[in-house]
Amino acid sequence: MICLVGSGMPQMGRGCHRWDMDAAGATRMPQVDMDAAGLCSRMKLLVGILLCSLVLGVSSQRWLTFLKEAGQGTRDMWRAYSDMREANYKNSDKYFHARGNYDAARRGPGGAWAAKVISDARENSQRITDLFKFGNSGHGAEDSKADQAANKWGRSGKDPNHFRPAGLPSKY
């Protein structure tokens, strides 16, 4: 059964209709079919998932794998952030940026995507909060550029220890 609306063209958001034929083969007015409405809802969901997967850049791999990698990458980023807060070590910020992005990107394309989204969101949110504070949070434009360089360094697969400060405990 095909979801059709008056003109015979598939349309979203207007309900699904069944075109019935009488015994002589003449087309009768469309009747709303609850099974077809359920089919259209499922079709809309599948189209939405397909579009989201294309937007996320998942054309060459299964989207479930991509989402799994993204979740694992998010966890890697959170672990690096938690370690940075716990270490509370001077000049270690860039190291933890690079390490979080490095670990996440090693998960695959989904992890690299999550690392980029999270890193960009973090840097952009600090710019916004500075506007509301009517001042500077101590995280200026130069520091933001350096953080983004460390993020990119880690995502590219380069060793995050390049940014490791002397004396940082080996636990990290």
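Tutor: In this predicted model, α2 and α3 pack at an angle of about 160°, with their axes 8 Å apart; helices here are DSSP runs of H or I with at least four residues, numbered from the N terminus, and axes are lines fitted to C-alpha atoms over the stretch in contact, with angles running from 0 to 180 degrees between N-to-C directions. That angle makes α2 roughly antiparallel to α3, a term used for angles over 145 degrees. Their crossing is right-handed, that is, the near helix is turned clockwise from the far one by less than a right angle. The contact (heavy atoms within 4.5 Å) involves G73, D76, M77, R79, A80, D83, M84 and A87 of α2, together with D93, F96, R99, G100, N101, D103 and A104 of α3. By class, this contact has 6 nonpolar, 3 polar and 6 charged residues, where Asp, Glu, Lys and Arg count as charged, Ala, Val, Leu, Ile, Met, Phe, Trp, Tyr, Cys and Pro as nonpolar, and the others, Gly among them, as polar.

The largest pocket is lined by 14 residues, of which M77, W78, Y81, I118 and R122 lie nearest its centre. A pocket is an open set of points on a 1 Å grid over the protein atoms alone, where a 1.4 Å probe fits, with protein on both sides within 12 Å along at least five of seven lines, and lining residues have an atom within 4 Å of a point. α2 gives the most to this lining, with 6 residues.

Residues are numbered from 1 along each chain as its sequence is written. Local features need pLDDT of at least 70, side-chain atom pairs count only at pLDDT 80 or more, and totals for chains, interfaces and linings use all residues, while side-chain values use heavy atoms, leaving out hydrogens and water.

Key:
Helices (H or I, at least four residues) and strands (E, at least two) are DSSP runs, numbered from the N terminus. Angles under 35 degrees count as roughly parallel, over 145 as roughly antiparallel, 65 to 115 as roughly perpendicular and the rest as oblique.
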